[in-house]
Amino acid sequence: MDITLMQPAGLVVSPAFSHVAVVPPGATTIYVGGQNGVDETGAVVSADAGEQSLRAVENARVALEAAGAGLEDVVSWTVFIHQDADLRAAYGAVASKLARDGAPPLVTAAIVAGLGLPGAIIEVSAVAAVIRG
């Protein structure tokens, strides 16, 4: 029983994302709600897109670990980034943290006019799946 990430023929092949995730029956699915670049008090860590991105992914990692999973178990990311943020800085800061062997996870990204938390310029959520033995 495996979790399968697919890049089907006929669709663009990218090292950054896959198109389909197949999670078999019996796997545990973990949903991580939106994480911003904030510290444990809820304060935005910086106005810098890279620093906020790093912290948002780190916050997602902490949430995943609380559920017995890790970044390597993420099958799908959703990313919202403010329209004025430096997209290259944001992605560049987290690319190495998200790299893994095999097919990459699914990614949905949107440039938005604003986020719910004042000062936040990035928000990520994740869906992970693990096979527990």
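Analyst: Begin with a cut-off: a residue is buried under 20% relative accessible area, exposed over 50%, and partly exposed in between. Keep in mind that this is a predicted model. Glu-65, at 47% relative accessibility, therefore counts as partly exposed.

User: Which residue meets the side chain of Glu-65 in a salt bridge?

Analyst: The rule asks for a side-chain nitrogen of Lys or Arg within 4 Å of a carboxyl oxygen of Asp or Glu. Arg-61 meets Glu-65 at 2.7 Å, N to O. Both lie in helix H1, four residues apart, about one turn of the helix. Arg-61 also forms a salt bridge with Glu-58, at 2.3 Å. Glu-58 and Arg-61 are three residues apart in H1, so about one helical turn separates them.

User: Is Asn-59 buried or exposed?

Analyst: Asn-59, also in helix H1, has 13% relative accessibility and counts as buried because that value is under 20%. A polar atom of the Asn-59 side chain lies 3.0 Å from the backbone oxygen of Val-38. Leaving aside neighbours within four places in sequence, Asn-59 is in contact with Gln-35, Asn-36 and Val-38.

User: How many residues does the largest nonpolar core have?

Analyst: In soluble globular proteins, nonpolar side chains tend to be buried together. Here the largest nonpolar core has 22 residues, and those with the most contacts inside it are Ile-30, Leu-64, Val-74, Trp-77, Ile-122 and Val-124. At least two residues of this core come from each of strand E3, helix H1, strand E4, helix H2 and strand E6. Beyond neighbours within four places in sequence, the contacts of Trp-77 include Ala-60, Leu-98, Pro-105 and Val-124.

User: What is the bridge partner of Trp-77 in E5?

Analyst: The partner is Val-107. Strands E4 and E5 run parallel and are joined by seven bridges. Together with H2, they make a right-handed β-α-β unit.

User: How far apart are Pro-15 and Ala-103 in sequence and in space?

Analyst: They are 88 residues apart in sequence and 7.6 Å apart in space, C-alpha to C-alpha. Pro-15 is in the loop between strands E1 and E2, and its relative accessible area of 79% makes it exposed.

Notes. Residues are numbered from 1 along each chain as its sequence is written. This is a predicted model: local features need pLDDT of at least 70, side-chain atom pairs count only at pLDDT 80 or more; totals for chains, interfaces and linings use all residues. Side-chain values use heavy atoms; hydrogens and water are left out. A nonpolar core is a set of buried Ala, Val, Leu, Ile, Met, Phe, Trp, Tyr and Cys residues joined through side-chain atoms within 4.5 Å. Buried means under 20% relative accessible area, exposed over 50%, partly exposed in between (1.4 Å probe, protein chains only). Contact means heavy atoms within 4.5 Å. A polar contact is a pair of N or O atoms within 3.5 Å; within protein, one must be able to donate a hydrogen and the other to accept it, and residues adjacent in sequence count only if both atoms are side-chain atoms. Two strands pair if DSSP finds at least two bridges between them. A crossover is right-handed if, with the strands pointing away from the viewer, the path from the first strand over the helix to the second runs clockwise.
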